[in-house]
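Thanks for coming, everyone. Please look at the picture first.

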Amino acid sequence: MDMRKKNIAVCFLFALLLAGGFALCILLPDKSYSDSERRSLAAMPGLRADTVWSGQFMDAFEEYAADAFPFRDQFRTIKALTADAVFGRKDNNGIYITDGFIAAMEYPANENAMERAVQRFRYICGKYLTEENKVFLSVIPDKNCYLAQESGHLSMDYADFERRMAQKADFAKYIPVSDLLEKDDYYKTDTHWRQEKITDAARRLAEAMGTEITQSYELHTLKQDFHGVYYGQAALPLPAEKLCYLTNESIDGCTVYDWQNGKEIPVYDMEKAAGRDPYEMFLAGSVSLLTIENPKARNNRRLVVFRDSFGSSMAPLLVSGYSRITLVDIRYIHPDYLGRFIDFAGCDILFLYSSLVINNSETLK
């Protein structure tokens, strides 16, 4: 084949690829949500003269084109596999895999974010609490704490992170739990810890707050497979996990009220378990304000937990030590509104937050 015919063949194949890609973009329906990435996909922007002249249309169209590209998930997987196997990259857009665990690099420690988190906690204490309230703080380390050093990835000094948080939050008694945890206490494909692995951490929290909890549980395993949030971000074909949860007489006897949606909900929501993010089965996921009532409690003590999503699986393990536990997520409700729903008099107060949230505390209202 001479050079002229070769050039024509290359141009023809290139044109065919362009035409085929264009046809697929036109014919295939747009998706509004990515199950693998657990996020809404960009929609086709409206075409108006003002947005075209300002450049907003093209910015939005570029985002839409990237999200609506045919076989997008398959190409993401090819990219991730190539980056790992061919180019030997240690991470793919900040996501890395080591010893079968997926994690996102969290580095460096953000001093301003730590200070802001403490300021928000201090504001709550000053607005609602008195000397009658016992205040506690516990920081849950990200699983990078147990993965990054051995795999050679950038990581914060989590021991120093805890020490500085304890010093800054001098209004609270610090309860460490990091020494009770290890990498196997976290899901391999998700950010969160495994409920069945944190009973020792629950016991330490309860003992430090001066109450007793039962250590007798029945283990249950969901039938459906679990893929955590990092699974979609990594875009790699990794095996599914099993999600477990614990029950006992105290947990089974509790009632939970969801103030955000004005309804009673179960401790473990099986509809959520069958949804896009099965971890949301723990107290229905991201809810701003919940109250758990334990009619079988041996005391009249009450606990208010300011928490993120890690607290959803921890709270059921603490219910046997309290007659009422109120869970507050100030990422979704401003602290100024809490006086309408919560009587803080005599309550124990626990600030239970992951290092991920504290290091990105702009999410706290």
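Leu283 is buried, because its relative accessible area is 0%. Buried means under 20% relative accessible area, exposed means over 50%, and partly exposed is in between, with a 1.4 Å probe and protein chains only. This is a predicted model, where local features need pLDDT of at least 70, side-chain atom pairs count only at pLDDT 80 or more, and totals for chains, interfaces and linings use all residues. Residues are numbered from 1 along each chain as its sequence is written, and side-chain values use heavy atoms, with hydrogens and water left out.

Back to Leu283. Its phi is near 55°, a positive value in a residue other than glycine. Where is Leu283 found? Leu283 is in the loop between α11 (270-273) and β11 (289-293). Those labels follow DSSP runs: helices are H or I with at least four residues, strands are E with at least two, and both are numbered from the N terminus. Ala284 lies in the loop between α11 and β11 too. Its phi is near 65°, again positive and again not in a glycine. Ala284 is buried, at 9% relative accessible area.

Why point these out? Most residues other than glycine have a negative phi, and most peptide bonds are trans. Pro108 lies in the loop between β4 (101-104) and α5.

Next, salt bridges. The rule is a side-chain nitrogen of Lys or Arg within 4 Å of a carboxyl oxygen of Asp or Glu. How many salt bridges does this rule give? The count comes to 16.

Look at Asp160. It forms a salt bridge with Arg163, with the closest N and O atoms 2.3 Å apart. Both lie in helix α7, 3 residues apart, about one turn of the helix. Arg163 is partly exposed, at 41% relative accessibility. Asp160 also forms a salt bridge with Arg164, at 2.9 Å between the closest N and O atoms. That pair is 4 residues apart in helix α7, again about one turn. Arg164 is buried, at 19%. Salt bridges that share partners join Glu111, Glu115, Asp160, Arg163, Arg164 and Lys168 into one network.

Now Lys168 and Glu115. Their salt bridge has its closest N and O atoms 3.1 Å apart. This pair links distant parts of the chain: Lys168 is in helix α7 (residues 158-168), Glu115 is in helix α5 (residues 111-128), and they are 53 residues apart. Lys168 is buried, at 19%, whereas Glu115 is partly exposed, at 31%.

Last, the rings. Rings of Phe, Tyr and Trp (its six-membered ring) pair if their centres lie within 6.5 Å; planes under 30 degrees apart are stacked, over 60 edge-to-face, and the rest tilted. The whole structure has 12 aromatic pairs. Take Tyr245 and Tyr268: their centres are 4.8 Å apart and their planes are at 50°, so the pair is tilted. Tyr245 is in strand β8 (residues 244-247), and Tyr268 is in the loop between β10 (263-265) and α11. Tyr245 is buried, at 13%. Tyr268 is buried, at 10%. Elsewhere, Phe121, Phe306, Phe351 and Tyr353 form one aromatic cluster.

That is my last slide. Thank you.
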